[in-house]
Amino acid sequence: MQTAPPYYYLLFFFVLFFNLPVWAQQKITQNKQNSSITISSGTGNLVLTLQYKNKCVISHVQVMKQDVVTNNAGVYSAVQLNGKWFTTGDEIHEPKVSVSTNKAEISNILYGDKNRPVTEKWIFNTYPGYIDWTIERTYPSPMVLEDTGFPQWSFDSMQTWTGALLGTGGVAWCKLFDKMNASLANHTGEVALWNQDKNSGLSIKPVEHKGQEMAVRFSRQPDNKWTLNYTASEKRTNTKHTLSRFVINRQDIWDTITVKGTARVTYRLTSFDYDKTYYRGEFPGFNASSIRSLMNTIARVGVIDEKIMGSNNWHVGEGYAVLHEQWIAQMGLGINDSNYLSNYQKTLDNFRDNAISKEGRVKSRWAYNNNDAEPGTYDEKGFYEAQWGRLLDANTDQVINVAELFQMTGNLSWVRSHKAICEKVLAYLLQRDSDKDGLVEAMTDSYTEKKGSDWIDVIWASYENAFLNAKLYEAIIQWAEVEKLLGDTGRATGYLALARELKTRFNQPIKEGGFWDPEKQWYVYWRDKDDRIHGSNLVTPVNFMAIAYGICDDKSRQEAILSKIESLMQEEKLFMWPISFLPFEADEG
């Protein structure tokens with residue numbers, strides 16, 4: 001039997017020796033004189049101080065040497081009953097405490113109605129890189145909670161964190177909590193709080209919550225503290241005010257929950273270096289930090305909740321999730337978060353199952369309430385047709401996003417589950433080519449009907465719409481590739497033939513029925529049924545899509561469009577592309 005060389009043993013003891021200081025810091029210490037326990041992760045980058053003298057509260061939290069909780073509230077458990085809050089921070093009987101080097105157990109924590117107290121046990125286990133905190137809560141009998149903290153974290157101020165990245169792929173961005181009591185809720189338990197300036201972060205992740213549905217609520221308190229409340233319940237929490245996940249002036253987002261028996265959740269608390277954890281790479285000529293900030297804030301605010309994503313904003317208006325936006329899946333590349341992709345997969349499943357009619361029409365929007373809806377179209381799940389018109393690119397974008405998410409995940413069984421419905425959604429649009437010229441038609445014949453037909457919803461694009469047809473071309477091309485991978489080569493061939501026909505017609509000059517304006521050297525927006533041309537004002541998305549999707553493959557046309565746009569950008573000193581470079585006619589929208 002061959003033995004290891006002597007230097008192997010030397011290496012083993014070298015590694016063991018130099019790791020001892022790390023393990024030595026992994027500890028829990030008790031100060032009986034002031035009734036406190038200090039709990040530290042092995043690295044020392046996460047330290048909790050718990051006070052248990054007639055209460056049970058984490059009064060101090062330090063993350064990466066930065067204080068994030070130093071206030072009187074701290075971190076505690078709470079229930080709200082009959083309009084009154086009961087917390088473990090109240091004057092309660094002193095709990096039982098048991099402490100060893102790497103484990104602390106605080107039991108017999110009684111609070112609430114003195115005749116029917118809630119009982120809790122807290123268990124802390126420390127490890128080299130994290131702390132596990134288990135809360136075991138027992139209800140004396142079935143109870144209806146108006147609100148809860150399982151637990152509640154009270155951070156020092158709205159400036160403690162830049163925000164929190166959520167397990168839904170979204171973000172609780174502190175900047176948007178711009179009113180007292182402003183609150184955001186999500187059906188998730190995973191939270192990663194970060195401070196960009198101090199390069200510090202705290203991850204809170206439920207690693208064991210069997211039988212419990214997790215939810216969170218962030219609120220700006222009247223004293224400017226920022227709180228995070230966890231809910232753990234057997235049934236999924238419901239919203240109290242319509243379908244709102246964000247309310248600007250109150251904290252009771254979740255409806256009451258009925259609880260009973262014992263609920264147990266283990267949270268894994270981990271500190272992290274923000275720059276290292278969310279490193280995006282080098283971008284020559286660009287500011288990598290700014291790109292990362294953009295991805296972790298503005299790019300994520302369109303995530304409303306689990307199964308509901310768009311690219312608007314949970315904070316603005318009615319919390320819209322717009323189904324006619326074709327870039328949502330692609331944004332996952334820049335965001336670089338598996339939670340985002342996972343939730344978008346659930347979102348597309350939700351759209352497939354609840355937003356598409358038997359005929360294949362995709363409702364164009366979801367919102368907290370029906371304020372933006374065409375009367376009679378808002379349903380109990382929040383989907384509706386926009387009051388501005390039937391926005392038909394909701395159909396193209398369902399297909400595009402399914403195809404592009406599949407390209408990123410490679411989940412063949414998942415994309416197969418969308419095959420039949422994507423085919424139906426495409427068929428719904430393709431049958432709208434009444435004159436068989438390769439271009440599909442909107443539901444209005446003239447701009448005078450004052451109805452939109454695509455994402456630019458308040459411009460009255462009608463009949464043959466270049467914006468809609470450019471998206472349809474992309475959807476057909478994308479889906480043909482999926483059909484090939486699913487083994488349906490016949491259907492793929494059929495789609496590609498339709499795409500060629502659409503492309504040919506699209507590129508014809510406007511006098512021959514196409515969208516190319518040879519005089520202006522760009523594509524127009526739409527033509528009415530009476531052949532009148534509209535949107536000859538260099539509409540940016542129409543022309544960009546024509547090039548990006550491969551409809552415009554004529555190099556001279558590409559050069560004409562892009563050079564004109566660049567010259568106008570320079571002339572007007574613009575830093576971002578507008579919807580159009582020239583104004584629409586007054587009655588076109």
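A: Happy to; here is a short chat about this model. It is predicted, with local features needing pLDDT of at least 70 and side-chain atom pairs pLDDT 80 or more, while totals for chains, interfaces and linings use all residues. Residues are numbered from 1 along each chain as its sequence is written, and side-chain values use heavy atoms, leaving out hydrogens and water.

Q: Great. How many aromatic pairs does the structure hold?

A: There are 26 aromatic pairs, meaning Phe, Tyr or Trp rings (the six-membered ring for Trp) with centres within 6.5 Å; planes under 30 degrees apart are stacked, over 60 edge-to-face, and the rest tilted. One of them is Phe-351 with Phe-383, edge-to-face at 5.8 Å centre to centre and 85° between the planes.

Q: What does that pair tie together?

A: Phe-351 sits in helix 5 (residues 338–354) and Phe-383 in strand 28 (residues 383–384), so the pair links parts 32 residues apart in sequence. Helices (H or I, at least four residues) and strands (E, at least two) are DSSP runs, numbered from the N terminus.

Q: Are Phe-351 and Phe-383 buried or exposed?

A: Both Phe-351 and Phe-383 are buried, where buried is under 20% relative accessible area, exposed over 50% and partly exposed in between (1.4 Å probe, protein chains only).

Q: Switching topic, which residues form the aromatic cluster?

A: Trp-122, Phe-124, Trp-133, Trp-153, Phe-155 and Trp-161 form one cluster.

Q: And what does Phe-124 touch?

A: Leaving aside residues up to four places away in sequence, its contacts (heavy atoms within 4.5 Å) include Ile-28, Leu-48, Ile-106 and Trp-133.
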